[in-house]
Amino acid sequence: MSFLVHYIVPFAIALGVLILIHELGHYLVARWCGVKVLRFSIGFGRPLLKYQGKSETEWVLAAFPLGGYVKMLGEGGDEVEEHESHRAFNRQPVKRRFAIVAAGPIFNLLLAVVLYWGLFVGGSDELRPLIAPTEAQASLARDAGVIEGDLVLSVDGDEIKSWQDFRWALLRHAVGRDEARLLVRTRSGNDAVRILDLRNFSLDDASKEDPVFRMGLRPASVPALIEHVEEGSAAAKGGIAKGDEIIAIDGKAMNLIQEIVETVRATPGQTRLFTVNRGGEERTFSVVVGEKQVKDGRTVGIIGVMFDTSALFAEVSYGPLEALARAARMTWETSALTLKSIGQMIIGNISWKNVSGPITIADYAGKSAQHGTTAFIRFLAFISISLGILNLLPIPVLDGGHLLYYAVEFIKGRALSDRVVEASQKVGIVLLLVLMVIALCNDINRLIS
């Protein structure tokens, strides 16, 4: 039941929204062009639910949910009665057919703009772009001169307000294989430039580490200052108090909040020695880590404290017009990055192991939903862009393949022969099957590993 609630439900919601918006694009533009729509289906195969009423369109929810379609009069070689020929899809001018087919992917891209706009206007607490080099002695970050506590102000002139902005900027440069010029403000208050050379950096999935971490970067640490201690908790019983700053566990220096949390969670029921800074004096307390059962049934450690994380986060929001501009730009840049990544895969610079299938997407949907509404909306926007771009690729059987047919028809002045279309459709089906097999194999390998 937990798996159903935390993974299947978010995946179904995401998939349903994306398919609905995509097919709604086809449907609305078809109606606008005067084309009769016979069926609007979410899913393929046997209909589970049907409704038509007085409408000329039959609305269907089908058994196999990974897709959908809009069936229009005159598609697929169906016979059309003469009095309705003007409403048949195949009798429309090529420009109208082009617009109807292109509308699905375009609506997916527009959905991303709307979702990003809502996030930017609504605002959210974002992790500040405070950076530091990882412990690796040799890394791109150390070569660039990154020091603990650098606050990133911009990357190549683009303002950076959050870790999300920073990460996105680095990924764009990694795909483009060029240098990233970071303008930072050091903890001493001085501005400096750090040049991160990503010309030879690979986004290959051979390593399971975060690509930003592989660049030698991590979020900068802030003092692990305790803001609140729960009454009767393991920490309270051990003598730890509000205002203490944890600096070590079992004698090992430790000042990253995340590292402290992970250490505690990994040792339920064990006794740990916590060294704290209390008013300039170091003191050590013996704490028996408490136990807590989490949603997936595991038992994790807990000591019952809250840290002061105010220095790590900032409220990020924009006015309606600026938010719209940023949303459009985010969608454009994500689309460009997706196309660049596909190109890099084709020429072999990025591994095909990065291709994800429905299992991985369901996993990301569940995890993003568990992180909150903002994370889930970001995920939904990104997947909507990916779906839009994928459908625009000039592969027969996809929308982009049909758009290619219509472009050729517009240039030549006549449609391609049935023989050419049929042959290209077979090639397109093979390509899609190969892509699906690769995606599923990658999904299975990720599950196993």
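Start with Y116: setting aside neighbours within four places in sequence, Y116 is in contact with A327, M330, T331, T334, R378, A381, F382 and I385. Keep in mind that this is a predicted model. Y116 also belongs to the largest nonpolar core, a set of 78 residues, and is among the members that touch the most others.

**Cores**
- Alongside Y116, the residues of the largest core that touch the most other members are F166, L170, L182, L196 and L217.
- Helix α2 gives this core its largest share, 13 residues.
- There's a second, separate core too, with 22 residues, including A234, I257, V276 and V305.

**How α2 packs on α11**
- Helix α2 (residues 94–122) and helix α11 (residues 399–412) have axes that come within 9 Å and cross at roughly 160 degrees.
- That crossing angle makes α2 roughly antiparallel to α11, since angles over 145 degrees count that way.
- The α2/α11 crossing is left-handed.
- On the α2 side you'll find V94, K95, R97, F98, V101, A102 and P105, which meet D399, H402, L403, Y406, E409 and F410 of α11.
- Sorted by class, this contact has eight nonpolar, four charged and one polar residue.

- Most residues other than glycine have a negative phi.
- R177 has a positive phi, near 55 degrees, and sits in the loop between α4 (163–176) and β7 (179–185).
- R177 is partly exposed, at 26% relative accessible area.
- V397 also has a positive phi, near 85 degrees, and lies in the loop between α10 (373–392) and α11.
- V397 is partly exposed as well, with a relative accessible area of 30%.

Notes: Residues numbered from 1 in each chain as written. Predicted model: local features only at pLDDT ≥ 70, side-chain atom pairs only at ≥ 80, totals over all residues. Heavy atoms only, no water. Axes fitted to C-alpha atoms, helices over the stretch in contact; angles between N-to-C directions. Helix = DSSP H or I, 4+ residues; strand = E, 2+ residues; numbered from the N terminus. Parallel < 35°, antiparallel > 145°, perpendicular 65-115°, else oblique. Left-handed = near helix turned anticlockwise from the far one by under 90°. Contact = heavy atoms within 4.5 Å. Nonpolar A, V, L, I, M, F, W, Y, C, P; charged D, E, K, R; others polar. Core = buried A, V, L, I, M, F, W, Y, C linked by side-chain atoms within 4.5 Å. Buried < 20%, exposed > 50% of the residue type's maximum accessible area, 1.4 Å probe, protein only.
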